[in-house]
Amino acid sequence: MEDLKWHIGWVACLAVLLCQPLLGCAPKATTGAFTNVSSMDQQLKRGVSTKMEVQRLLGAPNGFGSSVVPTDPRPREVWYYEDIEATDYKSEEGLLTMNMRQQILLIFFEKGVLDGYMWTSNSGKGEVRQ
Amino acid sequence: MKDLFVGKIGYILAFACIGFFGCTTVSTVDIQQSFETTKHRKIRIEPCTNRTEYQGPRDVAGEATRTLTEKMQQSGLFEITPDAQLVLTCDIERFEEGSAAKRWLMPGWGATQAEVVVMVWEKPDDKILATFRSEAAVKAGGLYTIGADQYIFGAAFDDVLKQMKSWMSGSPTEK
């Protein structure tokens, strides 16, 4: 009988401890802090800014590549940035819902200097997400 | 009484087993150019940039810069000088201090993580030679993992330097 009480006590303690992290914290999965694109227009200059200046402002890209646009055959180097974040995911009655935010940024270089960028995000302008 | 003792030992062992997990690293390497051994023996290290959402009191960028500089000096791969043509830039993309107590309670909770990216540039043309990315993490473990937040940058940069050494020797990068 003493053994049984001891075991039940331990199991209860373990259950409380294991459940603790599940309380009060919003689930979040992210690739990390998003690349800050807010000051690109002010700090980078087309035809002037170097790769190192772009790296200083935006950080290291997630990928490197090159492109040739059919109407403009000059080759360009491309830096690729991608950030994804999923928050508040929950499953109810077999349906999984979540808030997902994704941002993709392509930076184009011609002869080693900035030639342009393409940026897309599914985040609304007035929305605050942390 | 003996059963009670055996039961206690069983629980203690079960908890202790949770602690037998260490630091893991995951790395990716992007080689733009092969390394010319005879061309570069000196390097300049630029201060690391903190690109994380970390809001705590620690100077994460300073800690990472110091750690990278020390690791590079210890490795003997390059002589560090301010006028070198080879330049290392360093970005901290993720830093979580984590908690050993949380890890002890539940593996995966309270993980200590650091992700760093080191790019190797050649001056004066700002040519990128290679990019090394490493994520070090202590995601599970007992109270013996206290202080993981102090050595997590070291683990990440050790991994970066291991990959850099492979690149410099011309051998395929280790995974």
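Two strands count as paired if DSSP finds at least two bridges between them, and strands (E, at least two residues) and helices (H or I, at least four) are DSSP runs numbered from the N terminus. The structure is a predicted model, in which local features need pLDDT of at least 70, side-chain atom pairs count only at pLDDT 80 or more, and totals for chains, interfaces and linings use all residues. Residues are numbered from 1 along each chain as its sequence is written, while chains are lettered from A and ligands numbered from 1 in the order in which they are written.

**Figure 1. Strands 5 and 6 of chain B run antiparallel.** Strand 5 of chain B is joined to strand 6 (residues 112–122) of chain B by 10 bridges. Within this pairing, B:Phe95 stands opposite B:Ala114 of strand 6.

**Figure 2. Strand 5 of chain B also has parallel partners.** Strand 2 (residues 42–45) of chain B pairs with strand 5 over three bridges in the parallel sense, and B:Ile43 has B:Leu86 as its bridge partner in strand 5. Strand 3 (residues 49–50) of chain B runs parallel to strand 5 and is joined to it by two bridges; here the bridge partner of B:Asn50 is B:Ile92.

**Figure 3. Strand 5 of chain B is largely enclosed by the rest of the structure.** The strand spans residues 86–96, and it is largely enclosed because eight of its 11 residues are buried. A residue is buried if 20 or more other C-beta atoms, placed from the backbone, lie within 10 Å of its own, exposed if 12 or fewer do, and partly exposed in between. Of the 175 residues of chain B, 33% are buried.

**Figure 4. Helices 2 and 4 of chain B pack against each other.** Helix 2 (residues 60–75) and helix 4 (residues 148–169) of chain B meet at an angle of about 45°, with their axes 9 Å apart. Axes are lines fitted to C-alpha atoms, for helices over the stretch in contact, and angles run from 0 to 180 degrees between N-to-C directions. The two helices of chain B are therefore oblique to each other; angles under 35 degrees count as roughly parallel, over 145 as roughly antiparallel, 65 to 115 as roughly perpendicular and the rest as oblique.

**Figure 5. Residues of helix 2 of chain B meet residues of helix 4 of chain B.** Contact requires C-beta atoms, placed from the backbone, within 7 Å. Among the residues involved are B:Leu68 and B:Lys71 in helix 2 and B:Phe157 and B:Leu161 in helix 4.

Conventions:
Two residues are in contact if their C-beta atoms, placed from the backbone, lie within 7 Å.
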